Amino acid sequence: MISLAGRDILHSWGKFVFTGVGLGLLIGATLTMAGVYRGMVDDAKVLLSNSGADIWVVQKDTLGPYAEPSSLRDDVYRSLRGMPGVARAANVTYLTMQVKQGGEKENASDVRVMVVGFEPGQPGEPGYLVAGRRITRSHYEAVADVRTGFSLGERIRIRRQDYTVVGLTRRMVSSGGDPMVFIPLKDAQEAQFLKDNDAIVNERARTAANPALNRPGVPGLLEAIQASQTTSRSVNAVLVQVQDGQSHEAVAEPIRRWKHLQAYTRAQMEEILVAKLIATSAKQIGMFLAILAVVSAAIVAFIIYTMTLGKIREIAVLKLIGTRSRTIAGMILQQALGLGFIGFVVGKISAALWAPFFPKYVLLEPGDALRGFIAVMIICTIASTLAIRAALKVDPATAIGG
Amino acid sequence: MDGYGIRIENMRKRYGAGDTAVDALKEVNMTVAPGEVVGLIGPSGSGKTTLLKCLGAVIEPTAGRMTLGDEVIYDDGWKIDDLKALRRDRIGFVFQAPYLIPFLDVTDNIALLPMLAGQPNAASRRRATELLEALDVGHRARAQPSELSGGEQQRVAIARALANQPPVILADEPTAPLDSERALAVIRILNRMARQYNTAVIVVTHDEKIIPTFKRIYHIRDGVTHEEAGEGREV
């Protein structure tokens, strides 16, 4: 038996291809939205993997350091190193800020980055470099993610200091998708916690005016207090690596109980990042996907319905000469599925082509593509019912009598 | 000729019921022998189209009997089970416009019918080729319908009607869009095919050019048929 749908598609291939391309762009947008969500989840997982930590120790009653602000004294890590099961512990700071990319040039632009303060050789340092070298000096060197746009040797202004980019890394982004810039911990503490000069002068004057802090006959007291006010002794988190064979939860539990700090294992931190931090974005994307699915269904239904109406006379003749209803319904269904297939192929290719140009990471997973293909086929099947109904209602008698 | 291709006895068709009922066919009697071509003529509103739809098993008559070859199709409200299969296998249709399927080539337009009847593709295409040769359009076998002239399209439509070797062909104004020469050519072909394939042909027409070619004519007026002898002019 001849494939009526196949012949019709071949006969008017231009119409099918152009319609399929239009539909494909819509499907491409849908797949990309799914890819954006997957990218957000992947960013979160990569962030956790790249930190090299098994446990995140943060300020009590906070979801820090990525989902909420967290502040700890920077000597906490020492006591953590003495806890049972802890192999390594290191301070880190995280600060999201705008930096200028392009220096003083006219075409300089702002880049939103997450500045990470870390201790070289400890958890928290960038896992690998794609160019340059690691930070070797104690101050004013940086390693940047390639997505920042910085190149080796370029200088980054962070607060009061300029940092030279000595290394480039890749896929080091915050949970919000901002690329990271790694600088030495002391510099990062200063950048994050040090007050500006006016504030320091005012603070000193206020302290000096306080007789309890500026006692006559106690030399050095005022200076000591003022010095303590300008030092940066805080970090956002302590990253802990657990000894081999130790249960992460078993190590985290005593930290929570005895150190009055919050300690999250990898699974708990993943839960915070994926289920809590990007939950609203996921819902937003889910809504968008649902709307796109409805729009796609409406478009396929409209196109197939219009195409069917354009063939009413042929359908009447087919019915008159004894074509079974299921053959006619099959023809329309196959055309709808054919259109969906063309649309899916175009959509998949489009999504793959434009995904790298998105500012955030877009992860197109084969599983999502398969699910998308099944969804497109289901949508096309549902959308074709309207046209099939119209075709089956055609009275074969309309072919007779003009 | 012996026997009959199609026979209609006391056929009636009523639309609606009660006060609004309309009797489109009141008394229809027709007999067409295999190999015979008869004309069915009548003014607008006389019931021609309704009769054609009843003969074509598209609508069911209210009463009367219709026999196709040896098989009873309708008998006073009774009908055979599968009218769709009947239309596919035992009735050929030729329309005012050819109504060829635009996305099938000429051969497949004809071969589609045997295929729908369950014939293998190769046999169906052989049958189509044979008919196209018989109708002198064999050289257009791979053409698309849109590439054919009006006369060629109508010949392909006749070939399609003959594809399943039906005992009867119903032709609805088959010469309406054609000039005199082509119209007479179509009638010539229908006569030749009727004889060659032993098929009864009923031609519904208003066309003054072809009416003199029929040996027998059924006039239909107000739903009642009247048989007349035609001129039977040679074409």
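Leaving aside its neighbours within four places in sequence, which residues is A:V238 in contact with? In this predicted model, the residues in contact with A:V238, once those neighbours are set aside, are A:V57, A:L72, A:V76, A:Y77, A:L80, A:A89, A:A90 and A:N91.

**Chain A as a whole**

- The secondary structure of chain A consists of 12 helices and 12 strands, and 39% of the 402 residues in this chain are buried.
- The radius of gyration of chain A is 31 Å, whereas a compact globule of 402 residues would have a value near 21 Å.
- Taken along its principal axes, the C-alpha trace of chain A spans about 120 × 55 × 40 Å.

**Where chain A touches chain B**

- On the side of chain A, 18 residues are in contact with 24 residues of chain B.
- Two helices of chain A, α1 (4-11) and α10 (312-320), each supply at least two residues of the side that touches chain B, and the largest share of that side, four residues, comes from α10(A).
- Sorted by class, this side of chain A has nine nonpolar, five polar and four charged residues.

**Paired strands in chain B**

- Strand β4 (residues 63-68) and strand β5 (residues 71-75) of chain B run antiparallel and are joined by four bridges, with B:T67 standing opposite B:V72 in β5(B).
- β4(B) and β5(B) form a hairpin that has two residues between the strands, and in its turn B:G69 has a positive phi of about 60 degrees.
- β5(B) is also joined by two bridges to strand β6 (residues 78-79) of chain B, again in an antiparallel arrangement, and here B:Y74 has B:K79 in β6(B) as its bridge partner.
- The hairpin of β5(B) and β6(B) likewise has two residues between the strands, and B:D76 takes a positive phi near 50 degrees in it.

Definitions and conventions. Residues numbered from 1 in each chain as written. Chains lettered and ligands numbered in written order. Predicted model: local features only at pLDDT ≥ 70, side-chain atom pairs only at ≥ 80, totals over all residues. Rg over C-alpha atoms; globule rule 2.2 N^0.38 Å. Buried ≥ 20, exposed ≤ 12 C-beta atoms within 10 Å, placed from the backbone. Contact = placed C-beta atoms within 7 Å. Nonpolar A, V, L, I, M, F, W, Y, C, P; charged D, E, K, R; others polar. Pairing = 2+ DSSP bridges.
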